[in-house]
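Hello,

Here is the structure I promised to pass on to you. Have a look at it first, and then read my notes below.

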Amino acid sequence: MNTLYRLFGFKTETMSIKKEIIGGLTTFLTMAYILAVQPSILSQAGMDAGAVFTATILSSIIATLIMAVYAKLPFALAPAMGLNAFFVYTIVLTMGYSWQFGLTAVLIEGVCFILLTITGLRNKIVDAMPLQLRNAISPGIGLFITFIGLHNAGIIKGSEDTLVSMGNLHDPSVLLALFGIVLSAVLLVRRITGALLIGILITSIIGIPLGITHISSLVSTPPSITPVLCKMEWNGIWSIDMVICVFTLLFMDMFDTLGTLIGVGHRAGMVDKNGHMPRLNKAFMADAIGTTFGALVGTSTVSTYVESASGVNAGGRSGLTAFVVAVCFLLAMFFSPLFLTIPSQATAPAMILVGVMMMSGIKEVDFQHFLTAIPCFLCIVLMPLTYSISDGILIGLIFWVAIHLLSGNYKLLNKGSIVLAILFILKHVFL
């Protein structure tokens with residue numbers, strides 16, 4: 001027991017090994033959908049799906065082990081939803097850069113995150129962005145992910161007349177996706193452990209007789225990561241676009257992680273009345289190192305998963321819970337054929353419902369006053385409508401500063417917000 005305390009912060013007087021193990025298994029089951037979704041999303045950028053699968057697991061294991069042993073907290077990490085969407089749909093498909101350029105941006109972001117965590121500058125950057133605008137980012141990303149999920153499922157499609165329209169509801173693949181949404185939703189409502197993963201698997205199985213799912217085997221050696229390993233592109237690292245990409249990734253990562261840690265920490269009773277949580281900086285370091293390592297092995301930004309709350313609710317309180325999650329990821333590495341043959345019609349429902357979960361933060365946005373409501377609303381809606389998370393954030397902050405200045409409320413602004421807004425305006429003027 002002394003060894004468990006030294007390694008994971010496990011306390012025999014207040015914690016149970018059984019609950020820690022159950023907590024770890026519960027957390028893994030609720031977040032394992034990323035093993036199917038991550039390769040599906042990153043392959044749209046031209047990356048090898050099998051290599052991404054292995055890279056996703058390796059980065060998740062390393063980051064979660066650091067959380068378990070260094071931070072000694074019951075939180076699990078993996079490549080983050082939202083950040084993977086920014087990687088593919090903004091950096092690669094919208095801005096037109098290669099996925100190698102994107103991995104380079106993620107690597108630089110990870111190194112910056114490490115330095116900011118060590119020096120304490122992270123807090124100053126966090127404070128530069130208005131709190132209300134920070135609260136608007138998660139709902140905006142939620143809408144963006146949902147929009148992508150609906151499109152991938154074929155439920156909506158492009159239209160020259162109306163921009164978007166309803167897809168073909170007679171198409172078996174669309175009907176399968178709709179079934180997956182209903183099934184996963186029911187499982188979530190009934191609080192079934194691993195609801196999203198179960199929904200993905202059942203939908204995939206139903207797709208076999210429909211000719212949508214094609215499974216050749218279940219178990220194999222892990223796919224090689226060689227196609228994506230250390231594939232950096234250094235040519236454009238001094239460009240303004242790289243600065244924007246790195247800043248956006250860093251910003252999203254910081255606030256996603258901070259919100260998750262504080263939110264789940266509250267459920268675990270780890271946050272004091274002043275909003276402080278022990279070993280928070282160590283938890284950030286796990287995130288930062290995981291992101292840096294993940295970029296090197298070939299996957300997008302790693303972050304703390306809000307699904308860790310399910311393990312906390314099951315009784316997980318120490319790093320032993322996170323260690324169990326890391327072991328589960330290791331075992332999952334040998335089931336790559338199962339995860340890689342899952343069709344987009346089965347993963348799209350998970351994306352849509354993750355979008356629903358991310359909308360919960362909208363209640364923190366003050367829509368009663370136009371001073372805050374207008375820039376926050378623009379931030380939220382412009383993410384899906386411009387197909388760019390970064391544009392939503394940039395325009396939201398520019399409008400925040402402009403409205404405050406021109407309405408005479410300039411005293412409510414901080415210098416950091418003004419500096420960021422000027423930089424963002426210059427970006428749109430000259431690029």
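**What I found**

Lysine 72 sits in the loop that runs between α4 (49-71) and β1 (77-79). Helices here are DSSP runs of H or I with at least four residues, strands are runs of E with at least two, and both are numbered from the N terminus. Before I go on, please note that this is a predicted model, in which local features need pLDDT of at least 70 and side-chain atom pairs count only at pLDDT 80 or more, while totals for chains, interfaces and linings use all residues. Residues are numbered from 1 along each chain as its sequence is written, and side-chain values use heavy atoms, with hydrogens and water left out.

**Two backbone angles to look at**

Most residues other than glycine have a negative phi. Lysine 72 is not a glycine, yet has a positive phi of about 55°. Arginine 191 also has a positive phi, near 60°, and is a residue other than glycine. Arginine 191 is found in the loop between α9 (172-189) and α10 (195-206). Its relative accessibility is 74%, so arginine 191 counts as exposed (exposed is over 50% relative accessible area, buried is under 20%, and partly exposed is in between, with a 1.4 Å probe and protein chains only).

**Helix packing**

Two packed helices are described by the angle between their axes and the distance between the axes. The axes are lines fitted to C-alpha atoms, for helices over the stretch in contact, and the angles run from 0 to 180 degrees between N-to-C directions.

Take α4 and helix α12 (residues 280-297): their axes come within 8 Å and cross at roughly 160°. That angle makes α4 roughly antiparallel to α12 (under 35 degrees counts as roughly parallel, over 145 as roughly antiparallel, 65 to 115 as roughly perpendicular, and the rest as oblique). The crossing of α4 past α12 is right-handed; a crossing is right-handed if the near helix is turned clockwise from the far one by less than a right angle, and left-handed if anticlockwise. Residues in the contact include Leu58, Ile62 and Ile66 of α4 and Met285, Ile289 and Phe293 of α12, where contact means heavy atoms within 4.5 Å. By class, this contact of α4 with α12 has 14 nonpolar, three polar and one charged residues (Ala, Val, Leu, Ile, Met, Phe, Trp, Tyr, Cys and Pro count as nonpolar, Asp, Glu, Lys and Arg as charged, and the others, Gly among them, as polar).

Helix α3 (residues 34-42) and helix α5 (residues 83-92) have axes that come within 9 Å and cross at roughly 15°. This makes α3 roughly parallel to α5, and α3 passes α5 in a left-handed crossing. Ile34, Gln38, Ile41 and Leu42 of α3 make the contact with Asn84, Phe87, Val88 and Tyr89 of α5. The residues in the contact of α3 with α5 are six nonpolar, two polar and no charged.

For α9 and helix α16 (residues 344-358), the axes come within 8 Å and cross at roughly 45°. That makes α9 oblique to α16, and the crossing of α9 and α16 is right-handed. Among the residues that meet are Leu176, Ile181 and Leu188 in α9 and Pro349, Ile352 and Met357 in α16. The contact of α9 with α16 divides into nine nonpolar, four polar and no charged residues.

**Contacts across the sequence**

Glutamine 44 lies in the loop between α3 and α4, and with 31% relative accessibility counts as partly exposed. Glutamine 44 and valine 88 are 44 residues apart in sequence and 7.0 Å apart in space, C-alpha to C-alpha. Not counting residues up to four places away in sequence, glutamine 44 touches Val88, Tyr89, Leu93 and Asn152.

What does threonine 26 touch, not counting residues up to four places away in sequence? The list is Thr193, Ser310, Gly311 and Ala314. Threonine 26 lies in helix α2 (residues 17-31) and is buried, with a relative accessible area of 12%. Alanine 314 is found in the loop between α13 (308-313) and α14 (319-332) and is partly exposed at 26%.

Best wishes
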